[in-house]
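Reader: I have a structure open and would like to go through it with you. Could we begin with the terms and then turn to individual residues?
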Amino acid sequence: MKFSKLLFVFAICFILLSCNDDDDNTQNSNIITPNITLDLNGVLSRPAGADITDLINFGQPNGVSAGDYLVELNVGTRLRLEQPSGLAAGQSLLYSRIFFFEENPSDPGVFDVQVDTLDVYDVWLDRLRAAPGDPEAAVNPNDFGRSISEFFELIAIDAPDSDDIDYKYEIEIALRLPNGSISDYYYIDPKIRIKSLN
């Protein structure tokens, strides 16, 4: 009798622990965190303000450029951009600003119409960065002491009922170098698709 009660208690504990693991996995499945790689020397060989999209990889398949790689976000899904792998001690990629562009109706395939996604096509994206003073934030002395972040998140919090909306988004980034200095800004120009609710 005691053995059966002990077995019952063990089974209940096992079920509760299993349920907790499932909840954690479900929560993590709503975050897309690509494995980023960056050609740091290639970036530093370019002038400030250059487009460095061809020097970064977001984990896309071979033969697909970062500029053509389309990340799809469903409502409630987050895209989290973190640090590239392979950086030396003291180096980091710092995210500054982000701009969105939609396809030009008079020039299909060209995304050059700047938009604010908070008020176009019922698409709502929230943007998260490290807050000023946070350990993952840095101060850019080259930009009037602006706070820039070691990570960047986009969260799709609403979408149209029926149409998938494609955007290009331009990320302004800087680099923290091993000597502690921060480079001027560069730009990355990937693509994103906000999935409809249907």
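Author: Strands are DSSP runs (E, at least two residues), just as helices are DSSP runs (H or I, at least four), and both are numbered from the N terminus. The model is a predicted one, in which local features need pLDDT of at least 70 and side-chain atom pairs count only at pLDDT 80 or more, while totals for chains, interfaces and linings use all residues. Residues are numbered from 1 along each chain as its sequence is written, and side-chain values use heavy atoms, with hydrogens and water left out.

Reader: Where does V71 sit?
Author: V71 belongs to strand β4, which covers residues 70–73.

Reader: Is V71 buried or exposed?
Author: V71 is buried, because its relative accessibility is 13%. Buried means under 20% relative accessible area, exposed means over 50%, and partly exposed lies in between (1.4 Å probe, protein chains only).

Reader: Which residues of β4 are on its covered face, and which on the uncovered one?
Author: V71 and L73 make up the covered face, whereas L70 and E72 are on the uncovered face. In a regular strand, side chains alternate between the two faces of the sheet.

Reader: Which strand pairs with β4?
Author: Strand β14 (residues 191–194) pairs with β4 in the parallel sense, over four bridges. Two strands count as paired if DSSP finds at least two bridges between them.

Reader: What is V71 in contact with, leaving aside its neighbours within four places in sequence?
Author: With those neighbours set aside, V71 contacts I32, L79, K191, I192 and R193. Contact means heavy atoms within 4.5 Å.

Reader: A change of topic: how many salt bridges does the structure hold?
Author: There are eight salt bridges. The term requires a side-chain nitrogen of Lys or Arg within 4 Å of a carboxyl oxygen of Asp or Glu. Side chains of opposite charge can pair when their charged atoms come close.

Reader: Which residues form salt bridges with R97?
Author: D143 is one partner of R97, at 3.1 Å from N to O. That pair links distant parts of the chain, 46 residues apart: D143 is in the loop between β9 (137–140) and β10 (146–149), and R97 is in strand β6. E172 also forms a salt bridge with R97, with the closest N and O atoms 2.5 Å apart. Because E172 lies in strand β12 (residues 165–176) and R97 in strand β6, this pair ties together parts that are 75 residues apart in sequence.

Reader: What about R80 and E82?
Author: Their side chains meet in a salt bridge of 2.5 Å, N to O. R80 is buried at 16% relative accessible area, whereas E82, at 33%, is partly exposed.

Reader: Finally, where is N104, and is N104 buried or exposed?
Author: N104 is in strand β6, residues 92–104. N104 is buried, because its relative accessible area is 15%. Beyond its neighbours within four places in sequence, N104 is in contact with V110, D112 and V113.
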